[in-house]
Amino acid sequence: MVSVAEITPVDHSAPGRTARALGLLRRHRVFAVAFALGGVLRIVTMLGYGPAMWFNDSYEYVSVALHPRPHPIRPDGYGFWLLALKPFHSFTLVVLTQHLMGLATAVLIYALLRCRFALPKWGAALAAAPVLFDAYQIQLEQLIMSDSMFILLVVGVVTLVLWHRRMSWQVGALVGLLLALTWLTRSIGLPILALVVAYLVVKRTSWKAIVAVVLTCAVPILSYMGWFSASMGKFAMTNSDGLILYMRTAIFADCSKMHIDKYKELELLLLCINDPVDQRKDYAQWYLWGQGGGGTGTGEVLHRWGAGKKFTEITNEAASAFATRAILSQPGDYLKVVTRDFFRAFHWGRPRFPDEQTYNMYEFRPYYDLDTSGRPKRLPNWPSYQGRTDTDAFSYEQGPPETRIVSPWADIMSGYQKVFYLRGILLGGIMLVGLYGVAVRWRRFGGPVALPWLGAFGLLLAPAATAEFDYRYVLPAVPLACVAAAITLRRGITWGRPRPTSASASEPTTVPA
């Protein structure tokens with residue numbers, strides 16, 4: 001007996017991948033157009049400022065990629081990324097990945113707000129607009145710097161946590177891994193970990209998920225700290241946290257008010273600054289990186305410990321003790337400088353701070369980094385680990401690494417930057433909307449608004465409290481502030497008790513894509 005297999009008819013009406021993709025773009029046409037325009041701006045940037053733009057910290061990241069080692073000043077997460085891309089010998093590829101990170105950040109914001117909080121498509125696209133169109137965000141992605149990676153990781157963590165109503169331990173493990181990468185990219189990842197764990201506890205997430213978050217974060221971090229200990233002799237992430245806090249306090253620390261015992265606390269006495277407080281620099285970075293004399297630069301203070309001894313365990317611990325004493329002895333002065341720097345983020349314009357040179361590193365300028373003959377200016381030849389900064393960059397690129405200014409693309413982005421960026425006062429308004437969202441949900445400890453809003457607030461406050469205001473420290477807070485404000489506004493502002501809804505206001509509302 002012969003059996004004949006039945007032939008299943010083919011449904012030619014079923015859409016293919018291309019048709020489904022086009023249908024998806026049509027349904028989300030507002031965001032698709034915004035995304036495309038953001039991509040075009042990034043292409044123009046790469047054409048005008050190739051292969052990359054440079055910041056003072058960039059050279060150390062390149063050095064880590066060439067000579068892998070635990071860095072005494074900052075964690076190596078971004079250096080590892082450069083190391084992974086090193087076989088391609090292309091800074092162009094590095095900044096391309098960073099532009100893709102910026103676009104991916106916008107996609108996460110849109111997807112979270114649209115699919116889990118039921119915002120209208122235009123509203124979700126509007127919340128992602130600062131990431132897509134802010135000229136300083138795009139310029140930051142063109143720099144050889146860790147910030148684009150950090151922003152994507154932070155937004156990824158918040159997206160994962162808010163996306164799941166009931167977090168499984170598998171998702172918790174992924175969140176923990178992203179938190180570890182965040183911490184390895186920038187030291188501010190530690191308070192973000194604390195914030196996420198506190199949010200999960202308040203939300204009454206299962207203990208398995210919370211344990212998974214902590215364990216999967218701890219394993220990479222403890223491994224890195226073990227590597228740091230084997231190299232530096234201290235179980236830590238860096239040898240710079242105390243020195244950076246010292247920098248914060250140096251502009252107001254008055255040793256006559258700190259009650260330093262000159263016989264028992266010589267290490268603190270060595271860190272006293274000779275200049276009167278009213279004659280000191282008004283920006284803290286000078287007291288860690290400056291080279292001036294007269295008692296105001298590292299040549300007169302930190303170099304008292306000996307040449308090349310700045311970022312050591314002994315110096316770092318002494319600086320930490322000095323800074324702690326200064327804060328406890330002069331709490332009013334400390335709060336004054338922290339408050340002043342915190343509110344710098346909310347100016348209408350962009351005052352030139354902390355100095356002209358640093359300010360200009362965040363600018364698209366169609367003429368900078370050119371020598372007198374009009375050729376790209378050579379990179380600085382500062383000493384680096386087993387080399388020099390300029391030769392390290394050349395070795396990584398296997399060719400000239402200097403920024404090449406190309407018209408008309410550079411002129412386009414320079415003109416664009418004068419107009420299209422999120423002004424600080426608008427960021428302040430966005431933060432106030434999010435604060436309202438937290439306040440009206442006080443019975444639920446702020447609900448889902450609390451995590452992104454507190455994250456944004458912490459990212460703005462932490463530099464002011466532990467280091468100093470810098471414009472690039474503001475940008476990571478912007479996406480979280482926009483998410484918090486968007487969740488607050490999804491049902492409008494109501495002055496009073498929120499209207500009851502069919503779904504709990506503390507939980508996301510899933511809508512079809």
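In this predicted model, Ile412 is partly exposed, with a relative accessible area of 42%. The residue belongs to helix α19. Ile412 does contribute to a nonpolar surface patch of about 420 Å², together with Ile43, Leu47, Val406 and Trp409. Two elements, α2 (29-48) and α19 (409-417), each give two or more residues to this patch.

Most peptide bonds are trans, and most residues other than glycine have a negative phi. Against that background, the bond from Gly50 to Pro51 is cis, with omega near -10°. Pro51 lies in the loop that joins β1 (49-50) to α3 (58-66). A cis peptide bond also links Phe353 to Pro354, here with omega near 0°, and Pro354 is placed in the loop between α16 (331-342) and α17 (356-360).

Positive phi values occur at Ala118 and Gln398, neither of which is a glycine. For Ala118, phi is near 55°, and the residue sits in the loop between α5 (91-116) and α6 (121-133). Its relative accessible area is 31%, so Ala118 is classed as partly exposed. Gln398 has a phi of about 55° and occupies the loop between α18 (389-397) and β4 (404-405). With a relative accessible area of 54%, Gln398 is exposed, because the exposed class begins over 50%.

Key:
Residues are numbered from 1 along each chain as its sequence is written. This is a predicted model: local features need pLDDT of at least 70, side-chain atom pairs count only at pLDDT 80 or more; totals for chains, interfaces and linings use all residues. Side-chain values use heavy atoms; hydrogens and water are left out. Patches are made of residues with over 30% relative accessible area and no salt bridge: like charges are joined within 9 Å, nonpolar side chains (Val, Leu, Ile, Met, Phe, Trp, Tyr) within 5 Å. Accessible areas come from the Shrake-Rupley method with a 1.4 Å probe; for residues, only the protein chains shown count as cover. A salt bridge is a side-chain nitrogen of Lys or Arg within 4 Å of a carboxyl oxygen of Asp or Glu. Helices (H or I, at least four residues) and strands (E, at least two) are DSSP runs, numbered from the N terminus. Buried means under 20% relative accessible area, exposed over 50%, partly exposed in between (1.4 Å probe, protein chains only).
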